[in-house]
Amino acid sequence: MITGKHLINGQWIDGPSTFESQPINGTAVAIHNASNDIVEQSATQARNSFQSFAQTSSSERAALLRCMAEQINKRGDQLSEICGQETGLPLARLTGERGRTTGQLEMFANYIEQGNYLQRSHDQALPERAPIPRPDLKKIMRPMGPVVVFGASNFPLAFSTAGGDTASALAAGCPVIVKGHPAHPATSEIIAQAILEAIKECGMDPGIFSLIQDSGIQVAQQLVTHSEVSAVGFTGSLKAGRILYNLCTQRAHPIPFYGEMGSINPVFALPNSLKNSAADIASGWVDSLNLGAGQFCTNPGLVVLPKGDDANEFINQVQQKIPAIGTCQMLTEGIAKSYIDGVNSIKAISGIEEIFSSSSELNAISPNVLSTSASTWINNQSLHEEVFGPFALIIIAEDTQEMLDVANHLDGQLTATVFMQPDDHNAASDLVQILEQKAGRILANGYPTGVEVAESMVHGGPYPASTFVATTSVGTAAIQRFLRPVCYQDMPDNLLPEELINN
């Protein structure tokens, strides 16, 4: 049963008012808004539970993560039904995303049991060293404190209530307060029910997890500025992310804001690759562009081609294939409106040509592909900004040097892709050196949609793709965002963290 309430310290709590969910299909439900008092309760409970949760062992937290995965899977059919109603996403997509969500939990469980994430080190005392003796020094990574996680609109499972931010924070030993996304509140509640059941089964303090629902922005602002909150995980738009980031840095005690705010994910097709495979590259790119109605943060929204017949063949293939995509339903009316406004604003810019263009309505969004010259793109910063949805801009460069110029003018990206063949490797070498400074993940001869959950994955990049260039929100390294190093000098063993004793 969906209560529409907030989960705090194991209890479902009313709010002072309600808003109605807006499902794509199905029946709307009343969802309780939060209040100052509810924010205060969640933060206080998170802080009260922190000390005991921080002292749990890796194996205890691993058991909790595995139990969370089990409880989510038990609710698989219910999740698919409710989430499908709220988002309009097909069953196959939701089944896959649920598997990704539980897979992340199990990955972190396995990872923390290995112990490497603790980065333990020990410099033994050298009392006889001259002229200054060295003390005994032991270092270990310790949990940072309560973490606020914002659910994402485009991944209602894998980047939301029990998504990667929640999984990595709990794995680190940090209590989590989730601000559910108002686009899928019932889905968030079902996941919260699963987490609560896992907490009970594992005998953990229920204060380590809270779910707060709200339709406005005030609660979000209160959460990130609350004195008991130690870090924030966010996946969403640049506009919203920047507001919250500024609030975190302007606090009396600033805290890290780990924001993943999207990118245009450029694709470069070098001359020999384009000459030999223009049609194939274009066909795969159209599929990637329109995957999930273009609502992926790794959507390849920029293509850079060298001028000539091969670029024309690429464009011809796009024009032949893309009409079959048809219209699509986007996740929310707000996303659809932003898409329509963004496409129309770019169409109005001088020097823009239409490759495939059609009008869209809020409930029937069409792909749009436009084109321009490299010089026009370089000199117009508004063309560098993401249009979230099935939109792309094709840049025609005069030569490979101008392709490098485009790369040099890129903002920070989550991904960058290079299509190349052996004869392109000299140019590719120069390009990859530039892209290393621009993106968190660089692909060769592939498409960026689809982010593998694995130890080596990096899902982050220079600003504005993310706010901390040295971190990732996907992969085992994500846990380091919620840990900090602590050194113990000449500390008796009985006062050390258990996992540092005898190390």
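In the predicted model, helix α9 passes helix α10 in a right-handed crossing. Helix α9 covers residues 271-290 and helix α10 covers residues 309-321, and their axes come within 8 Å of each other and cross at roughly 20 degrees. Since angles under 35 degrees count as roughly parallel, α9 and α10 are therefore described as roughly parallel to each other. On the side of α9, the contact is made by Pro271, Leu274, Lys275, Ala278, Ala279, Ile281, Ala282, Ser283, Trp285, Val286 and Asp287, and these residues meet Asp310, Ala311, Glu313, Phe314, Gln317, Val318 and Lys321 in α10. By class, the residues of this contact divide into 11 nonpolar, 2 polar and 5 charged.

Helix α9 also holds Gly284, a residue that is buried, with a relative accessible area of 18%. The C-alpha atom of Gly284 lies 47 Å in space from that of Gly10, and the two residues are separated by 274 residues in sequence. Beyond helix α9, the loop between α9 and strand β13 (302-306) contains Ala293. The phi angle of Ala293 is positive, near 60 degrees, although the residue is not a glycine. With a relative accessible area of 12%, Ala293 is buried.

A second pair of helices is formed by α13, which spans residues 400-408, and α14, which spans residues 425-435; their axes come within 9 Å and cross at roughly 10 degrees. The helices α13 and α14 are therefore roughly parallel to each other. Leu404, Ala407 and Asn408 in α13 meet Ala427, Asp430, Leu431, Ile434 and Leu435 in α14. The residues of this contact comprise 6 nonpolar, 1 polar and 1 charged.

In a further pair, the axes of helix α1 (residues 36-54) and helix α7 (residues 218-225) come within 10 Å and cross at roughly 35 degrees. The crossing of α1 past α7 is right-handed. The contact of α1 with α7 divides into 3 nonpolar and 4 polar residues, with no charged residue.

Helix α4, running over residues 91-114, has 24 residues and reaches 35 Å from its first C-alpha to its last, which is close to the 34 Å expected at 1.5 Å a residue. Just after α4, Gly115 takes a positive phi of about 90 degrees. Helix α6, running over residues 185-202, has 18 residues, and its reach of 26 Å from first C-alpha to last is close to the 26 Å expected at 1.5 Å a residue. Helix α6 is mostly covered, with 14 of its 18 residues buried. Gly203 follows α6, and the phi of Gly203 is positive, near 70 degrees.

Among the strands, β17 (residues 413-419) contains Thr417. Thr417 counts as buried because its relative accessibility is 0%, where buried means under 20%. When residues up to four places away in sequence are not counted, Thr417 touches Pro266, Val267, Phe268, Leu443, Gly446 and Pro448. One of these contacts, Leu443, falls within strand β18, which is given as residues 439-444.

A cis peptide bond joins Ala130 and Pro131, with omega at about 5 degrees, and Pro131 is found in the loop between β5 (121-123) and β6 (137-143). The peptide bond from Tyr463 to Pro464 is also cis, with omega near 10 degrees. Pro464 lies in the loop between β18 (439-444) and β19 (483-489). In the segment after β19 lies Asp490, a residue that is not a glycine and yet has a positive phi of about 55 degrees. At 48% relative accessibility, Asp490 counts as partly exposed, whereas Ala293, which likewise has a positive phi, is buried at 12%.

Key. Residues numbered from 1 in each chain as written. Predicted model: local features only at pLDDT ≥ 70, side-chain atom pairs only at ≥ 80, totals over all residues. Heavy atoms only, no water. Axes fitted to C-alpha atoms, helices over the stretch in contact; angles between N-to-C directions. Helix = DSSP H or I, 4+ residues; strand = E, 2+ residues; numbered from the N terminus. Parallel < 35°, antiparallel > 145°, perpendicular 65-115°, else oblique. Left-handed = near helix turned anticlockwise from the far one by under 90°. Contact = heavy atoms within 4.5 Å. Nonpolar A, V, L, I, M, F, W, Y, C, P; charged D, E, K, R; others polar. Expected span 1.5 Å × (residues − 1). Buried < 20%, exposed > 50% of the residue type's maximum accessible area, 1.4 Å probe, protein only.
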